[in-house]
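Trainee: I would like to go through this model with you. Please show it first, then start with the terms.

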Amino acid sequence: MDATLAILDGKGRELMRDRDTLGRDALLDFNAPGEGTYTLQVFDFTYRGGTEYPYRLTASSAPHIDFIYPPAGQAGTTGKFKIFGRNLPEGSKGEGVRLGRHELESVEVDIALPRETTSEFVVRSLHTSLLPGMDYRLEGNGQMSNPIRIGFAAAPIIQAQESQDDQAVTVPCEVHGRFDSRNDLDRYRFEARKGAPLWIECFAERLGNGSDPLLFIERITTDDKGNEQFKELASNDDAGSRLGGRHFTIQSRDSALHFTPPEDGRYRATVLTQAGEAGPAAIYRLVLREAQPDFDLIAVPWHATDGDKHVNRTPAILRQGGTALVRVFALRRHGFREAIDLTVEGLPQGVTCPALTIKKGKDLATFIFVSADDAPSWQGFITIVGKAGHTVRKARAGAIP
């Protein structure tokens, strides 16, 4: 469903309409012009419908956060953040920041970031859930706002400068910027050493906006006349679109690449948006740092069905004398390709499950849990642990709404 909302007055005249303020979802910021009865219309943009077009409609006077800047901070510190949204306590307009036809309010707050990643039970994309950070809510009118994700930066933070010239940065760093207009591009120069692998990544869609960033790296040299020459060495578009395979696809239009400088010298990273709405909410995080190969694990109850290409919604149930499957997906980062040894901890009495290995370069393995005929009744949590060298990661539970 591509939802559309419209509000009509008592005479049936349309006062407001919205379609895609929140991705493909609609949001209306409505202040009644007078006392009376109003009609709220909900419909699909192309007037389609059926059992496959469910929706949830909420109406509230709670604060609503559209975006926050900066989008990330250093874990374990307290920083100043500016919240943009509607119904914000002590919020004020006047900065001219708009989303669609609405001018947003803003308020500056101090937020203490914990040292460890935290997360509420919030429906969001898997890739967004895996970003280190915290969920923040603002209280107002006796109610809590929608959650907004604040990321944890893995390198010193630099704010992008609005200029026609390239901005010089020092690796490692994390640059916070915006795509102010369509086809906007920003360029950053940095020094790099020969053979020292770098991981360069742009977060944009995973921050909640519809940007589709493209990233490319150039070598900067100077000819005999002192003129700078640029040679493209690497580029990437949609790095996250293939993760998870066909069964648990993790769609992301963000860009990332593993870059090894061929020689000591100056380089330039350029990031631009190819699609989506530009403007103050089109925020990105550009990370340039040494490559740190790592991985995450996602565990999903699995039900073998011929021709099934999607995650099953039913939970894992293991009956006496029966078997149950749990598939584990490896999300490899920064060029990590090594084998991952998997074990299960916390198994109840009467249940066995042999250890597994996700082979080098592969992305999944399937556990088979076997219950004895006389296994006692039990309900609880198990832990799936993956080890590769000195790196140890616990699997998170994956599900679809």
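Mentor: Two strands pair if DSSP finds at least two bridges between them. Helices (H or I, at least four residues) and strands (E, at least two) are DSSP runs, numbered from the N terminus. This is a predicted model, where local features need pLDDT of at least 70, side-chain atom pairs count only at pLDDT 80 or more, and totals for chains, interfaces and linings use all residues. Residues are numbered from 1 along each chain as its sequence is written, and side-chain values use heavy atoms, with hydrogens and water left out.

Trainee: How many bridges join strand 4 to strand 6?

Mentor: Strand 6 covers residues 78-86. Strands 4 and 6 run antiparallel. The number of bridges joining them is five.

Trainee: Which strands are the edge strands of the open sheet?

Mentor: The open sheet has three strands in antiparallel pairing, ordered 4-6-9. An edge strand here pairs on one side only. That describes strand 4 (64-69) and strand 9 (105-112).

Trainee: By how many degrees are neighbouring strands of this sheet turned against each other on average?

Mentor: Axes are lines fitted to C-alpha atoms, for helices over the stretch in contact, and angles run from 0 to 180 degrees between N-to-C directions. For this sheet, direction is ignored.

Trainee: Which residue in strand 6 stands opposite isoleucine 68?

Mentor: Take another pair as a guide: phenylalanine 67 faces phenylalanine 84 in strand 6. Opposite isoleucine 68 stands isoleucine 83.

Trainee: Is aspartate 9 buried or exposed?

Mentor: Aspartate 9 sits in the loop between strand 1 (3-8) and strand 2 (14-18). Buried means under 20% relative accessible area, exposed over 50%, partly exposed in between (1.4 Å probe, protein chains only). At 12% relative accessibility, aspartate 9 is therefore buried.

Trainee: Which backbone nitrogen lies 2.9 Å from the side chain of aspartate 9, besides that of lysine 11?

Mentor: A polar atom of the aspartate 9 side chain lies 2.9 Å from the backbone nitrogen of lysine 11.

Trainee: What is the relative accessible area of asparagine 227?

Mentor: Asparagine 227 belongs to the loop between strand 19 (213-222) and strand 20 (228-237). Asparagine 227 counts as partly exposed because its relative accessible area is 41%.

How values were computed: A polar contact is a pair of N or O atoms within 3.5 Å; within protein, one must be able to donate a hydrogen and the other to accept it, and residues adjacent in sequence count only if both atoms are side-chain atoms.
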